[in-house]
Amino acid sequence: MFIKKLVFLILFFFLTVNFSYADEVIKAQNNAYRHNNKGLLYLEDKYYFGAIKEFQIAIDLNPNTQASAAYYVNLGKTYETIGYNNLAQPCFEKAVELNPLCFDYYLKMVENYKKSGILDIKLKEYQSNKKSSLNEIVVGLLYIQKGAVTTGITILDDFCNKEPDLLITPGVKNYIDNLVKEKLS
């Protein structure tokens, strides 16, 4: 009888006690996302040093994935905001490398080239590099940034005709449509 009561009490104790335990798995991607969001809040508050540190932590936690392309763009934007275009350039280039089908990243990269005053150098570089058809996007955008809008639109339109099934093509088409609307108005 005593043993039955003891077993029952032990069983009752284990069933009613809430066990708490720690999740020992560190999820770098989740932490990177949180640091990126914290960096965006700092950027909004114009606390640029903190934003740069948070974006860098996000990149360090998740360095070579498609998601980290957004972290690189945020870091590049922050550098541009404080006037360090030369530090922003590799950030935008890395974003394009990690996520080559995001048209906005190409725009940011080429706008940075203009701010840095290296449009002609980059135009020669991308024209000579025929490895990827995506380089045509950069060439077209470089011409547009240089002021040769018609030439740039023609190159981008040719790209859209050659690569109609790529995920980036609708973004290029929208950009061309917006340019034509601006030009007509």
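**Helices and loops**

Tutor: Lys162 counts as exposed at 54% relative accessibility (exposed is over 50% relative accessible area, buried under 20%, partly exposed in between, with a 1.4 Å probe and protein chains only). Lys162 is found in helix H9, residues 149-162.

Student: How far apart are Lys162 and Ser133 in sequence and in space?

Tutor: They are 29 residues apart in sequence and 8.8 Å apart in space, C-alpha to C-alpha.

Student: What kind of model is this, and how are residues numbered?

Tutor: It is a predicted model, where local features need pLDDT of at least 70, side-chain atom pairs count only at pLDDT 80 or more, and totals for chains, interfaces and linings use all residues. Residues are numbered from 1 along each chain as its sequence is written, and side-chain values use heavy atoms, with hydrogens and water left out.

Student: OK, the overall picture. How many helices and strands?

Tutor: The protein has 10 helices and 0 strands. Helices (H or I, at least four residues) and strands (E, at least two) are DSSP runs, numbered from the N terminus.

Student: What share of the residues is buried?

Tutor: Of the 185 residues, 36% count as buried.

Student: Now H4 and H5. At what angle do they cross?

Tutor: Roughly 160°, and the axes come within 8 Å. H4 is residues 68-81 and H5 is residues 85-98. Axes are lines fitted to C-alpha atoms, for helices over the stretch in contact, and angles run from 0 to 180 degrees between N-to-C directions. H4 and H5 are therefore roughly antiparallel to each other (the term applies over 145 degrees).

Student: Which residues of H4 and H5 make the contact?

Tutor: Among them are Tyr72, Val73 and Leu75 of H4, and Leu87, Cys91 and Phe92 of H5. Contact means heavy atoms within 4.5 Å. By class, the contact has 11 nonpolar, 3 polar and 3 charged residues. Ala, Val, Leu, Ile, Met, Phe, Trp, Tyr, Cys and Pro count as nonpolar, Asp, Glu, Lys and Arg as charged, and the others, Gly among them, as polar.

Student: Which residues are buried in H5?

Tutor: They include Asn85, Ala88, Cys91 and Phe92. The cover over the buried residues of H5 includes H4, helix H6 (103-116) and helix H7 (119-128).

Student: Switching topic. Where does Lys46 lie?

Tutor: In the loop between helix H2 (28-44) and helix H3 (48-61). Most residues other than glycine have a negative phi.

Student: Is Lys46 buried or exposed?

Tutor: Lys46 is exposed, with a relative accessible area of 59%.

How values were computed: Parallel < 35°, antiparallel > 145°, perpendicular 65-115°, else oblique.
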